[in-house]
Amino acid sequence: MSSFMGVFVSDQWLQSQFTQVELRALKSKFITMKNQKGKVTVGDLPPLMIKLKGLGDLSTEEEIRQVLGESNSDMDNEIDFEGFLRSYLDLQSRANAKLGNSKNSSSFLKATTTSMLHTISVSEKASYVAHINSYLRDDPFLKQFLPLDPSTNALFDLAKDGVLLCKLINVAVPNTIDERAINTKRVLNPWERNENHTLCLNSAKAIGCTVVNIGTQDLVEGRPHLVLGLISQIIKIQLLADLNLRKTPQLVELMEDNNDVEELMGLAPEKVLLKWMNFHLKKAGYKKPVTNFSSDLKDGEAYAYLLNVLAPEHCSPTTLDTKDATERANLVLEHAEKMDCKRYLTPKDIVEGSTNLNLAFVAQIFHQRNGLSTDNKKISFAEMMTDDELISREERCFRLWINSLGIDSYVNNLFEDVRNGWVLLEVLDKVSPRSVHWKHATKPPIKMPFRKVENCNQVVRIGKQLKLSLVNVAGNDFVQGNKKLILAFLWQLMRFNMLQLLKNLRSRFQGKGVTDADILNWANRKVKSSGRKSQMESFKDKSLSNGLFFLELLSAVEPRVVNWNIVTKGESDEEKKLNATYIISVARKLGCSIFLLPEDIIEVNQKMILTLTASIMYWSLQQPTEDSESSPAASPAASSRGGSPEPLDGSQMSPPPPFSPSTNGTESPAFASTPVSGEAEDSSVVAEVDDDDTVSDSITSAAQVDDEASDTATSTSLLEKEKELPSEE
């Protein structure tokens with residue numbers, strides 16, 4: 001069994017300050033400069049440092065040169081990679097000091113998981129350990145390791161094999177991971193451990209976590225700040241899962257009139273929670289609005305009013321009469337415990353204004369007793385406002401895909417968040433770098449409606465440059481929130497991204513684009529080469545619903561990944577669901593970042609079937625193998641399991657042999673934000689298919705946005721039809 005290969009630094013403390021993703025990126029920049037100049041001197045560093053995260057906005061090249069001069073008497077001295085890393089840390093430390101910033105503890109969501117000189121919050125760690133002990137204490141496998149002691153590093157040690165994190169994801173969003181795909185031996189080998197972490201990270205993205213700069217090796221090492229940051233995101237998703245009209249239609253009571261419901265639907269879960277809290281505080285007579293989960297809650301008064309109105313039977317006048325904030329916080333927690341609320345924080349955490357723990361505590365109060373009315377008329381109205389199941393599933397898929405790209409914005413509600421055009425411009429910049437003219441774009445918050453239209457007009461222009469089908473579509477259609485147009489556009493964009501990434505892996509490409517037919521043909525040939533007889537006629541082939549073809553395809557690209565002992569025949573609905581759930585987990589375990597649901601396979605959702613096949617194809621084409629069906633001479637970046645989209649220099653990392661564990665393994669190539677160049681190509685990909693094959697570019701275009709249109713309609717006809725539909729506003 002091959003050991004993990006990565007960028008290693010002789011000074012262990014120095015290595016501990018960076019993730020493997022960061023080390024590879026920094027090493028790549030260092031080697032590039034060295035190759036250009038023959039050697040790297042101290043004087044060469046300022047132009048490079050000014051471009052690195054955390055320094056460019058805070059310092060000028062001259063300031064960086066002065067700082068480097070303080071510790072280096074001769075700027076012409078040659079510097080090695082470790083010296084470069086130490087200089088970077090020193091500059092970042094000074095940059096933070098210049099701003100007066102201290103390192104914040106890990107944030108719940110959309111957190112920077114790769115900041116230097118990491119610190120973790122002891123209180124947060126204790127709270128998350130208590131959460132894990134509570135929710136996983138009866139787990140058949142983990143109960144032998146629980147309860148964990150928050151005063152030790154037991155949490156990080158247990159997280160090293162990936163089982164804990166996978167199980168925690170299933171607690172947050174049940175059935176995300178098929179637990180049959182988790183390797184649950186007491187002692188795992190490096191390959192099995194890497195598989196678990198790859199499954200964990202791809203599944204975390206599939207529930208909305210931000211894991212852009214974290215790799216499997218970081219989790220294998222049990223990096224405290226990264227593990228804690230990921231756990232905090234997972235727990236937050238669990239606690240905020242019901243803060244939407246679909247799960248809790250009673251939330252409609254928070255709005256003063258029916259016209260405000262769309263506003264509520266567009267709010268992030270945290271904002272909905274604040275709105276709910278202020279709704280009850282206003283009824284209780286509390287005068288100050290709560291705008292955050294930190295400073296506004298430090299004195300404990302808001303908590304006292306909230307709990308008094310929600311649970312008056314446990315009310316005590318002493319809580320508000322006491323002058324000491326810590327004592328009041330303690331009485332608040334005692335009141336909450338009488339309501340059976342889990343104690344996520346201590347009086348000290350309230351007084352110090354711990355944002356993450358206060359948010360968790362308020363969410364727990366909401367779950368235990370939301371105090372909202374059960375007015376059937378209002379609830380019925382709220383239920384009418386929610387989308388149908390197919391639109392909801394596609395909204396989920398595209399939202400998660402966008403969030404996985406690592407853009408600055410975080411999308412909570414797709415249809416509301418894209419209406420100003422900014423998010424779509426960020427996505428376009430990831431999919432087609434340098435295509436956006438940022439000087440002509442307006443960043444939110446945007447008060448002037450015409451600025452939103454300008455942003456969306458640029459989106460349409462770029463879409464047409466990418467040859468997306470946008471007949472009779474204008475920027476105002478996005479501003480108006482036309483849901484089917486938005487879904488149609490994003491489907492085309494996701495498909496464009498997939499095909500471009502596949503194109504970049506093919507050395508004998510000769511300028512010819514990858515088509516849906518190529519993907520279909522590759523999958524059929526791959527399965528046939530493994531000695532099996534299953535074939536799919538198209539991406540809407542109803543025989544795909546039993547899941548057997550995809551299990552055979554996964555087995556063909558990696559024979560050891562499918563456990564055939566647990567595969568069903570797929571004859572009944574229950575057997576089909578078992579197979580579909582297993583397919584998704586096995587694909588993620590392999591390294592594919594996919595966002596479809598089991599229902600998409602069972603119902604043979606053409607778009608989702610295409611994304612699944614393309615993602616498996618991309619992963620396969622990256623693997624170093626001598627097989628005649630697929631013989632990619634993968635670059636080091638592509639050779640790692642579930643490879644990283646970031647380029648690696650050959651001197652940093654040796655390509656592992658087949659079946660060796662990955663260094664990073666978190667990005668699925670089919671959905672990576674940055675194209676990966678490689679020299680791999682499956683010669684069968686360019687084979688021709690029959691003329692009557694129904695899979696072509698046109699059938700997977702934006703026209704496929706509903707059941708009737710997905711089979712035969714063209715992009716043009718449907719988009720023209722949707723143009724005539726009334727807007728959502």
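Colleague: How many helices and strands does the chain have?
Modeller: This is a predicted model, where local features need pLDDT of at least 70 and side-chain atom pairs count only at pLDDT 80 or more, while totals for chains, interfaces and linings use all residues. Residues are numbered from 1 along each chain as its sequence is written, and side-chain values use heavy atoms, with hydrogens and water left out. Taking helices (H or I, at least four residues) and strands (E, at least two) as DSSP runs numbered from the N terminus, the chain has 33 helices and zero strands.

Colleague: Thanks! What percentage of the 729 residues count as buried?
Modeller: Buried means under 20% relative accessible area, exposed over 50%, and partly exposed in between, with a 1.4 Å probe and protein chains only. By that cut-off, the buried share of the 729 residues is 57%.

Colleague: Which residues touch the most other members of the largest nonpolar core?
Modeller: Such a core is a set of buried Ala, Val, Leu, Ile, Met, Phe, Trp, Tyr and Cys residues joined through side-chain atoms within 4.5 Å. In soluble globular proteins, nonpolar side chains tend to be buried together. Among the 172 residues of the core, those touching the most other members are Leu230, Trp276, Met277, Ile365, Leu414 and Phe489.

Colleague: What does Ile365 contact, neighbours within four places in sequence aside?
Modeller: Contact means heavy atoms within 4.5 Å. On that basis, the partners of Ile365 are Trp276, Tyr303, Leu306, Leu307, Leu310, Met339, Cys341 and Asn370.

Colleague: Let's turn to rings. Do Tyr286 and Tyr305 count as stacked, tilted or edge-to-face?
Modeller: Rings of Phe, Tyr and Trp (its six-membered ring) pair if their centres lie within 6.5 Å; planes under 30 degrees apart are stacked, over 60 edge-to-face, and the rest tilted. Ten aromatic pairs turn up in a search of the whole structure. For Tyr286 and Tyr305, the centres are 5.1 Å apart and the planes lie at 50 degrees, so the pair is tilted.

Colleague: Where does each of the two residues sit?
Modeller: The pair links distant parts of the chain, 19 residues apart. Tyr286 is buried at 9% relative accessible area, whereas Tyr305 is partly exposed at 24%. Tyr286 is in the loop between α13 (269–284) and α14 (301–310), and Tyr305 is in helix α14.

Colleague: Over which ring does the charged end of Lys27 sit?
Modeller: That label needs NZ of Lys or CZ of Arg within 6 Å of the ring centre and within 35 degrees of the ring normal. The charged end of Lys27 is 4.6 Å from the centre of the ring of Phe81.
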